Amino acid sequence: LELLRQWVDYKAWYDREKLSLRYLESTQLAAAMGPPGGGRAVISRRLQSAFHLLNFVNPNEGNVRRIFLTLASHKLNDFR
């Protein structure tokens, strides 16, 4: 995780053989994580500060059904 933090902070990794920085260009980092516990490690606040954190609650069954029925009816509308 600290290697990822170093890359996010400095946009480079340190090459110990050449004793210089290796810059990475045109890259993006996307990540997902669950709550700590059950084998998942706690992510340091220093690394978390580099990301935009979003939190979603699980929708109930009625909301999930409405979402999928709306999508399916729109997609399958041509078969009527």
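## Contacts, salt bridges and overall shape

Of the contacts in the protein with a separation of 6 or more, 23% are between residues 24 or more positions apart, a contact being heavy atoms within 4.5 Å. The model is predicted, so local features need pLDDT of at least 70 and side-chain atom pairs count only at pLDDT 80 or more, while totals for chains, interfaces and linings use all residues. Residues are numbered from 1 along each chain as its sequence is written, and side-chain values use heavy atoms, with hydrogens and water left out.

The protein has 3 helices and 2 strands, in the order α-β-β-α-α along the sequence. Helices (H or I, at least four residues) and strands (E, at least two) are DSSP runs, numbered from the N terminus.

The radius of gyration is 21 Å, whereas a compact globule of 80 residues would have one near 12 Å. This radius is taken over C-alpha atoms, and the globule rule is 2.2 Å times the number of residues to the power 0.38. Along the principal axes, the C-alpha atoms fill a box of roughly 65 × 35 × 20 Å. Buried residues make up 10% of the 80 residues; buried means under 20% relative accessible area, exposed over 50%, and partly exposed in between (1.4 Å probe, protein chains only).

The protein contains 3 salt bridges, each defined as a side-chain nitrogen of Lys or Arg within 4 Å of a carboxyl oxygen of Asp or Glu.

| Salt bridge | N to O distance |
|---|---|
| Arginine 5 and aspartate 9 | 2.7 Å |
| Arginine 22 and aspartate 15 | 3.3 Å |
| Glutamate 61 and arginine 65 | 3.0 Å |

Arginine 5 and aspartate 9 both lie in helix 1, 4 residues apart, about one turn of the helix. Helix 1 covers residues 2-10. Arginine 5 counts as buried because its relative accessibility is 10%, while aspartate 9, at 38%, is partly exposed. Leaving aside neighbours within four places in sequence, arginine 5 is in contact with Tyr10, Arg46 and Leu47.

In the bridge between arginine 22 and aspartate 15, arginine 22 is partly exposed at 48% relative accessibility. Aspartate 15 is buried, at 11%.

Glutamate 61 and arginine 65 are 4 residues apart in helix 3 (residues 61-75), so about one helical turn separates them. Glutamate 61 is exposed, with a relative accessibility of 59%.
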